Amino acid sequence: SVAMTKDCRVTPDGNFTSSMSSGWSVEGMTKEFDDDCMLYRENVKARASQSTANDDLGSIWVDDAIGAIYKSLSSTGQLADTVVLFQLDHGKAEKDKIWEGGIRIPQFIHYP
């Protein structure tokens, strides 16, 4: 996709490359790549390269993002006081089906 070829600081809301030149890293995502989101994206693509499904790119990114949220909450001492509910939609194509894709929705809950 086009998004995978652009700097993550260039968004529909504007170009933030100059205002976010340093100190904006996300532990568990861009921090490990010296704040270079293009290197992080290349890493995501490399991890998904074993699969033929484009969905794996999004799944890997979501997994990294949830991990980053947990790391941040834990390192700031807020995880024990935070309820996290994560629920995935099963998609429009499966909503009217009675087999697994239509009745199972991945989710997790963390609570103190």
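E42 is partly exposed at 42% relative accessible area (partly exposed sits between buried, under 20%, and exposed, over 50%, with a 1.4 Å probe and protein chains only). Its side chain meets that of K45 in a salt bridge, meaning a side-chain nitrogen of Lys or Arg within 4 Å of a carboxyl oxygen of Asp or Glu. K45 and E42 are three residues apart in helix α1, so about one helical turn separates them (helices are DSSP runs of H or I, at least four residues; strands are E runs, at least two; both are numbered from the N terminus).

A word on the model: it is predicted, with local features needing pLDDT of at least 70 and side-chain atom pairs 80 or more, while totals for chains, interfaces and linings use all residues. Residues are numbered from 1 along each chain as its sequence is written, and side-chain values use heavy atoms, leaving out hydrogens and water.

By this rule there are two salt bridges:

| Pair | N to O distance |
|---|---|
| K45 and E42 | 3.0 Å |
| D64 and R47 | 2.5 Å |

In the D64 and R47 bridge, D64 comes from helix α2 and R47 from helix α1, so the pair ties together parts 17 residues apart in sequence. D64 counts as buried at 10% relative accessibility, whereas R47 is partly exposed at 38%. K45, for its part, is partly exposed at 30%.

Elsewhere, Y111 lies in the segment after β4 (107–110) and, at 59% relative accessibility, counts as exposed.
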